[in-house]
Amino acid sequence: MLCTASVDPKVPDWLLGKGKGWITVEYNMLPHSTSPRKARERGLKMDGRTTEIQRLIGRSLRSVADLAALGERSVLVDCDVIEADGGTRTASITGGFIALVDCLRSIQKELPDPRRFPLTESVAAISVGICDGKPALDLDYKQDVDADVDMNVVMTGSGRFVEIQGTGEEATFSDDDLAALIKLAKSGIRELRELQKKSLGKAWPFQ
């Protein structure tokens with residue numbers, strides 16, 4: 001994944017004059033990220049999967065945002081898939097958060113109150129599933145295709161859920177299966193948070 005974030009000094013029309021900003025996302029799979037080659041999505045020609053993933057990433061990043069602290073400006077997060085091997089939407093959330101923090105640090109002095117950082121905590125996401133009857137973490141493409149149960153979990157750094165997307169693939173799952181998958185996802189997200197923190201170093205904005 002290549003995740004970047006850029007500032008736009010404007011907000012959508014429906015936010016004009018409301019004293020708050022916006023965070024939006026564009027997600028794209030580059031042509032040779034898959035085999036066979038994936039055709040480029042141009043203009044209004046965007047498939048439903050791409051739209052759904054963009055909305056998920058945007059919701060996840062905004063879930064930890066203080067949009068009033070951002071002021072009347074927008075941040076556009078671009079998530080481009082370089083190599084698709086499962087988990088691109090979860091990697092986009094985890095990497096997109098790093099890009100967002102880095103971007104906001106660069107404009108912190110320009111915010112309405114530079115002491116009030118526009119993010120309240122971290123957010124990360126990971127995939128889990130049941131493969132060959134056993135819970136598995138961070139599924140690759142083959143595991144994702146063959147999994148009996150496939151689930152994406154988005155959580156904040158404090159352990160609160162943002163979104164859970166779980167599906168039985170021609171299968172069902174029990175309360176115990178669900179509990180095992182959530183437990184595994186929590187452990188993975190804790191590890192991702194530490195990697196985010198390490199990546200950002202002194203730019204990490206939380207205690």
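1. Helices here are DSSP runs of H or I with at least four residues, strands are runs of E with at least two, and both are numbered from the N terminus.

2. This is a predicted model, in which local features need pLDDT of at least 70, side-chain atom pairs count only at pLDDT 80 or more, and totals for chains, interfaces and linings use all residues. Residues are numbered from 1 along each chain as its sequence is written, and side-chain values use heavy atoms, with hydrogens and water left out.

3. On confidence: pLDDT is the predictor's confidence in each residue, from 0 to 100. The chain averages 94, and 98% of its residues score at least 70. Helix α2 (residues 67–70) has the highest mean, 98, while helix α4 (residues 141–146) has the lowest, 90.

4. On the overall fold: the chain has five helices and seven strands, in the order β-β-α-α-β-α-β-β-α-β-β-α from the N terminus. Along the principal axes, the C-alpha atoms fill a box of roughly 55 × 40 × 30 Å.

5. On contacts (heavy atoms within 4.5 Å): of those with a separation of 6 or more, 73% join residues 24 or more positions apart.

6. On burial: a residue is buried under 20% relative accessible area, exposed over 50%, and partly exposed in between, using a 1.4 Å probe and protein chains only. By that rule 43% of the 207 residues are buried. In α3, 14 of the 19 residues are buried, so this helix is largely enclosed by the rest of the structure.

7. A nonpolar core is a set of buried Ala, Val, Leu, Ile, Met, Phe, Trp, Tyr and Cys residues joined through side-chain atoms within 4.5 Å. The largest has 38 residues, and Ile 23, Leu 61, Phe 97 and Leu 119 touch the most other members. Elements supplying at least two residues each include β2 (22–29), α1 (48–62) and β4 (123–131). Helix α3 gives the most, with seven residues. A second, separate core of 13 residues includes Val 128, Met 155, Leu 181 and Ile 182.

8. Leu 119 deserves a look. Beyond its neighbours within four places in sequence, Leu 119 is in contact with residues including Val 64, Phe 97, Leu 104 and Phe 206.

9. On the backbone: the peptide bond from Ser 35 to Pro 36 is cis, with omega near 5 degrees, and Pro 36 is in the loop between β2 and α1. Asp 132 has a positive phi near 55 degrees though it is not glycine. Asp 132 lies in the loop between β4 and β5 (134–137) and is exposed, at 77% relative accessible area. Glu 170 also has phi near 55 degrees. Glu 170 is in the loop between β7 (161–168) and α5 (175–200) and is exposed, at 88%.

10. How many disulfides (pairs of cysteine sulfur atoms within 2.5 Å) are there? The count is zero. The sulfur of Cys 79 is 4.1 Å from that of Cys 3, its closest cysteine sulfur, which is too far for a bond. Cys 3 is buried, at 18% relative accessible area, and Cys 79 is buried, at 0%.

Note on methods:
A disulfide is a pair of cysteine sulfur atoms within 2.5 Å.
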